[in-house]
Amino acid sequence: MGLDYQLVLWNKQKKRYDLVLFLFIVIYLLGFAVVTFTTNANTSLETLIIRAFGSLAILMLHIILMIGPLTRIDKRFMPLLYNRRHFGVLMFLMAAVHGVFSIIQFHTLGNVNPIVSIFTSNLDYNSLTNFPFQVLGFLALIILFLMAATSHDFWLANLSAKTWKALHMAVYLAYTLVILHIFLGAFQQETSPLLLGLVGLGATIIVALHIFAGFKEVKVDQAKVSEEDGWHYVCSVEDIKENRAKMTTCAGERVAIFKYEGKLSAVHNVCRHQGGPLGEGKIVDGCITCPWHGYQYLPGNGQSPPPFTEKVETYNLKLVGNKVYIDPKAHAPGTPVDPIKI
Amino acid sequence: MISSQRKRHRFIWVMIGVLLPLLVVLAVLRTPSFPYSEKAEIVAETSLPILKEIESDLFKINLRGTSDGAEELELLLKVPLKSPSAVVFDDQQNVLGQIGASGVYRFPIRPANKAITIKDPIKNQIITEIKL
Ligand code: HEM
Ligand code: FES
């Protein structure tokens, strides 16, 4: 990607992100321990660990799930998105500590394999209040493990962005399982009403944010376009800022039209890395630069500059007076299209 | 995200928004409920004389009554029970009342009652049995 100085810049940002995350985790765990031991001095260490790590994992999961819709609603949340993956992997590790200690505490005393014991120590599968809630936590943990394990770009490259995205949508299933794990667990274990209240509030916010952001996007998708001989009217040239893009919708897909050096080019809006919105990025050193993690594409052909090999679809544009029109038919990813001169 | 992913996204979140509250509400509705006995403060003057005391790490039980026999079971729970729902039954499996936080609970009992059982009605487990 691009020039060296940019890589250094990204890395510095990445390190700062990780440092903040790490401090957050340490402060949370210490705070939890201090509050627990001052209010209930005879809590056992195992119970403390199970509760501290479980509640930390669910808190982190809430933050992670809020980042996406928040950036759709307000651009200022963008910095949180960068390196969301490390956030996710750390969240899995916290949940894993909670899960492993729960298994040690509740399932290693008998003569059954502890994993089997999670599934068989309570067989009330057709009850709601006495549902084996630990099974729900266990399944969620497996999903989170698969996501953490495939989070590296190596898998992204080998699974294709679409499969990877589909896999990572399983986080919603994991989220649902965890919420039920906590609420159904509360009928069977003493659970702090404060935690239940907070998780209930958190879940309401998460669901509302996603639905709100989702329906906000419907409006964009269904915006009326005026058509002339198969060409869609987009906007006038002045509406696009230099080195920035204007977004439009062609056959249900988002397209970004960039203005740079007195030229216009159109590419598909979705970054090949993790689906970031290219149209919200800018042109840096002559390349369209993704706002999420900085992948770059040449506006003239939708290809990443060598040695990178990512490609996005390109589109034909035409200019009538100062009006910009687009041909909604996409070219195959990486097809060169001569930019139109303004 | 591409268009189909956006659609799937919306669908998934609307489903979660409907199903999660539904399941939690159903679970709450299905929780067995028992009369909660009032948590009484110990006021020695107003109480009946103690006939018998039983003590363990978890609780202290005072059987109070008159010469005709015990009429009241006073249960001092020293630490909160691990189980969020606990119900006290007499020796004929009649519900005396539900207990929760640590404190003092009083239940009227039959003089002939010989034992009480504390059960977790959700897990269907016996927490403890006490001979009186
Ligand atoms: C192998 C997987 C898991 C097992 C065996 C397990 C087991 C348990 C148990 C036994 C409790 C009750 C603890 C207590 O009240 O003392 C509990 C509560 C909880 N679990 Fe899990 N769990 C697992 C996975 C997860 C995951 C993946 C998350 C979240 C990301 C999670 C979050 C929580 C939370 C927030 C609580 C409530 C903590 C509290 O009572 O204060 N668990 N779990
Ligand atoms: S989504 Fe990661 S760089 Fe575009």
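Q: What classes of residue make up the shell around ligand 1?
A: In this predicted model, the shell around ligand 1 has 14 nonpolar, 13 polar and one charged residues. Ala, Val, Leu, Ile, Met, Phe, Trp, Tyr, Cys and Pro count as nonpolar, Asp, Glu, Lys and Arg as charged, and the others, Gly among them, as polar.

Q: Which residues come nearest to ligand 1?
A: G54(A), G99(A), S102(A), G137(A) and Q189(A), out of the 28 residues around ligand 1. A residue is near a molecule or strand if its C-beta atom, placed from the backbone, lies within 6 Å of it.

Q: How do the numbers and letters work, and what about the pLDDT limits?
A: Residues are numbered from 1 along each chain as its sequence is written, while chains are lettered from A and ligands numbered from 1 in the order in which they are written. As this is a predicted model, local features need pLDDT of at least 70 and side-chain atom pairs count only at pLDDT 80 or more, but totals for chains, interfaces and linings use all residues.

Q: Back to the ligand. Which helix gives the largest share of the shell?
A: α2(A), with eight residues. Helices α2, α4 (84–107), α6 (133–149) and α8 (170–185) of chain A each supply at least two residues of that shell. Helices (H or I, at least four residues) and strands (E, at least two) are DSSP runs, numbered from the N terminus.

Q: What is I67(A) in contact with?
A: Leaving aside neighbours within four places in sequence, I67(A) is in contact with F77(A), L80(A), L81(A) and R84(A). Contact means that the two C-beta atoms, placed from the backbone, lie within 7 Å.

Q: And Y315(A), buried or exposed?
A: Y315(A) is buried, because 24 other C-beta atoms lie within 10 Å. Y315(A) is found in strand β9 (residues 314–315) of chain A. Beyond four places in sequence, the contacts of Y315(A) include C250(A), V255(A) and V337(A).

Q: What domains does chain A have?
A: The assignment gives domain 1 (4–220) and domain 2 (227–341); such bounds come from an automatic or database domain assignment. Taken over C-alpha atoms, the centres of the two domains of chain A are separated by 37 Å.

Q: How many residues of chain B are in contact with chain A?
A: 24 residues of chain B are in contact with 27 residues of chain A. The chain B side that touches chain A divides into 14 nonpolar, five polar and five charged residues.

Q: What is the strand order in the open sheet of chain B?
A: The four strands run in the order β1-β2-β3-β6, with antiparallel pairing. Two strands pair if DSSP finds at least two bridges between them. β1 (50–55) and β6 (103–108) of chain B stand at the edges with a single partner strand each, so one side of each is left without a neighbour in the sheet.

Q: How many bridges link β1(B) and β2?
A: Five, between β1(B) and strand β2 (residues 59–66) of chain B, in the antiparallel sense. I50(B) stands opposite R64(B) in β2(B).

Q: Which strands of chain B form a hairpin?
A: β4(B) and β5(B), with four residues between them. Q93(B), in the turn, has a positive phi of about 60°.

Notes
A residue is buried if 20 or more other C-beta atoms lie within 10 Å of its own, exposed if 12 or fewer, and partly exposed in between; C-beta atoms are placed from the backbone.
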